[in-house]
Amino acid sequence: MSENCVFCKIAKGEIPSRNVYEDDRVVAFYDINPQAPVHVLVIPRRHIDSLDGFTVDDRDLAGYLLERTAHVARELRLAEPGYRISINTGAHGGQEVFHIHVHILGGRPIGPLASRR
Ligand code: AMP
Ligand code: ZN
């Protein structure tokens, strides 16, 4: 647990969240400020700042996080017609919460990636 980390608090049930999936290693919950009809975040319970914080020792967790993301998307009936995942990393990646999380965006065509300008 990292002090004052909002997603650590969600993982511990210390602040409310609308969970769609949880197990001993990951939690998935609805984003509080949805950018699409379905917008869910998937996090590891263990605090890791960002994708940049994953090490070789975290390969199993990294794979599990991605596999469970696909599982959650299937459970939400997003696999067809599809969805977008995003792992925003660092300032230029638009990361605001520094506890790694996978965004699942679906329920409408998500469109092109952000402007390259
Ligand atoms: P990012 O910009 O990739 O760091 O995304 C952080 C996301 O967390 C944003 O989409 C926020 O709307 C979302 N968020 C922040 N606080 C909460 C919260 N308490 N419950 C659910 N989602 C949250
Ligand atoms: Zn955290």
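This is a predicted model: local features need pLDDT of at least 70, side-chain atom pairs count only at pLDDT 80 or more; totals for chains, interfaces and linings use all residues.
Local features need pLDDT of at least 70 and side-chain atom pairs count only at pLDDT 80 or more, while totals for chains, interfaces and linings use all residues. Residues are numbered from 1 along each chain as its sequence is written, and side-chain values use heavy atoms, with hydrogens and water left out.

**View 1. Polar contacts of ligand 1.** Of the 16 residues around ligand 1 (those with a heavy atom within 4 Å of it), Asp31, Asn88, Glu96, His101 and His103 come nearest. A polar side-chain atom of Asp31 lies 2.5 Å from an oxygen atom of the ligand, and the corresponding distance is 2.8 Å for Asn88 and 2.8 Å for His103. The protein covers 84% of the 510 Å² of accessible area that ligand 1 has on its own (Shrake-Rupley method, 1.4 Å probe).

**View 2. The shell around ligand 1.** The shell residues divide into eight nonpolar, six polar and two charged, and α1 gives the largest share, three residues.

**View 3. The largest pocket.** Ligand 1 sits in the largest pocket, in the sense that more than half of its atoms lie within 2 Å of the pocket's grid points. A pocket is here an open set of points on a 1 Å grid over the protein atoms alone, where a 1.4 Å probe fits, with protein on both sides within 12 Å along at least five of seven lines. The volume of this pocket is about 840 Å³, and among its 33 lining residues (an atom within 4 Å of a point), Asp31, Gln35, His39, Leu41 and His103 lie nearest its centre.

Notes: Chains are lettered from A and ligands numbered from 1 in the order in which they are written. A polar contact is a pair of N or O atoms within 3.5 Å; within protein, one must be able to donate a hydrogen and the other to accept it, and residues adjacent in sequence count only if both atoms are side-chain atoms. Helices (H or I, at least four residues) and strands (E, at least two) are DSSP runs, numbered from the N terminus. Ala, Val, Leu, Ile, Met, Phe, Trp, Tyr, Cys and Pro count as nonpolar, Asp, Glu, Lys and Arg as charged, and the others, Gly among them, as polar. Grid points are joined across faces, edges and corners, and a volume is the space filled by probe spheres set on the points.
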